[in-house]
Amino acid sequence: MSRCPGWEALDVLAAAPDGPVAFCADLSPVGLLAAYRAGVYPFPASDEYTRALNEVVFADQVQEGGIRLVGEESADPFAVSWWSPDPRPVLPVTAAHLSRSLARRLRNRLPWSTSLDREFERVVRECRGDRAPLWLTEELIASLIRLHELGHAHSVEVWEDGNLIGGVFGLRVGPVFSMDSMFFRRPGASKVAVSDLAARFAQAGGELLDAQRDSPHVRDLGCVLLPREQYVRHLRRTARDSLPMPTATLPARRLARPVGSR
């Protein structure tokens, strides 16, 4: 069994391309930020059954060193699995776009607006909703809120007549913004949130939005697959965040640049 004292000691590039790369019970703000900087994100077990399943399925790989344990021995590691897919779905901020139909709706009849960090906890809890499995545990939410207070975690909100209809949240690590989750209450609202995030992040010197897990939905957003080695290289390009993202509430129609336009 191989144990790392901390995330900085984990060689994520040597891990398998799919499945968890580590187990670690530490979901503290400090531990969470260190993990994202190492290129991994958490998937807490939603209940004791899921935690036990982690141990049954992956104990042999942990024993053989294929999956590392991170942190102190006293903590129960199988409560939280940590992932770093290879390749990684990412969206270059300059490539973000809305479909022609959604752009047309924004220009012609949708009175939507967007904001940054206006309702961070509310966006997180809307993303949690009644989804299963329930990976957004109260412990993880508390750490995300603290990281938001410290300026590392951010949310974009989409509004219609004062009502929150969509949003996205995640952590900023240098030139990369890792999107943890998004939600919508109107068709297209989550896509507007991601496009708005790309625009604000680009203004702050950001380069990539990280969608974490590949799916038809993130491909529809315009994400492309990036080898894990290149993704980690982006994370390590700069040690500090650069400019702050603009926080003003803005009309969503400014994002209505359809595919193929300049």
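**Pockets, cysteines and a helix**

Tutor: Let's begin with pockets; the largest pocket here has a volume of about 350 Å³. Its lining has 18 residues, and Arg131, Asp180, Ser181, Met182 and Arg213 are the closest to its centre. Keep in mind that this is a predicted model.

Student: Which strand gives the largest share of the lining of the largest pocket?
Tutor: Strand 10 does, with six residues. Helix 7 (216–220) also takes part, as strand 10 and helix 7 each supply at least two residues.

Student: How do the residues of that lining divide into nonpolar, polar and charged?
Tutor: In the largest pocket, ten are nonpolar, five polar and three charged.

Student: What lines the second largest pocket?
Tutor: That pocket holds about 200 Å³ of space. It has 15 lining residues, and those nearest its centre are Cys24, Asp26, Val70, Gly71 and Glu72. Sorted by type, the lining has eight nonpolar, three polar and four charged residues.

Student: Are Cys24 and Cys127 buried or exposed?
Tutor: The idea is to look at relative accessible area, where under 20% means buried. Cys24 has 2%, so it is buried. Cys127, with 1%, is buried too.

Student: What about a charged residue such as Arg128: buried or exposed?
Tutor: Arg128 counts as buried, because its relative accessibility is 19% and the cut-off is under 20%. You will find Arg128 in helix 4 (residues 120–128).

Student: With which side chain does the side chain of Arg128 make a polar contact?
Tutor: With that of Glu138, at 2.8 Å. Setting aside neighbours within four places in sequence, Arg128 is in contact with Leu134, Leu136, Thr137, Glu138 and Ile141.

Student: Now for a whole helix. Which residues of helix 1 are buried?
Tutor: Helix 1 spans residues 29–38, and its buried residues are Gly31, Leu32, Leu33, Ala35, Tyr36 and Ala38. To picture a buried residue, ask what covers it. Here the cover includes strand 3 (41–44), strand 5 (80–83), helix 5 (138–149), strand 9 (163–173), strand 10 (176–184) and helix 8 (228–235).

Student: And what follows helix 1?
Tutor: Gly39 does, and its phi is positive, near 95°.

Technical notes. Residues are numbered from 1 along each chain as its sequence is written. This is a predicted model: local features need pLDDT of at least 70, side-chain atom pairs count only at pLDDT 80 or more; totals for chains, interfaces and linings use all residues. Side-chain values use heavy atoms; hydrogens and water are left out. Buried means under 20% relative accessible area, exposed over 50%, partly exposed in between (1.4 Å probe, protein chains only). Helices (H or I, at least four residues) and strands (E, at least two) are DSSP runs, numbered from the N terminus. Contact means heavy atoms within 4.5 Å. A polar contact is a pair of N or O atoms within 3.5 Å; within protein, one must be able to donate a hydrogen and the other to accept it, and residues adjacent in sequence count only if both atoms are side-chain atoms. On a 1 Å grid over the protein atoms alone, a cavity is a set of points where a 1.4 Å probe fits but cannot get out, and a pocket is an open set with protein on both sides within 12 Å along at least five of seven lines; lining residues have an atom within 4 Å of a point. Grid points are joined across faces, edges and corners, and a volume is the space filled by probe spheres set on the points. Ala, Val, Leu, Ile, Met, Phe, Trp, Tyr, Cys and Pro count as nonpolar, Asp, Glu, Lys and Arg as charged, and the others, Gly among them, as polar.
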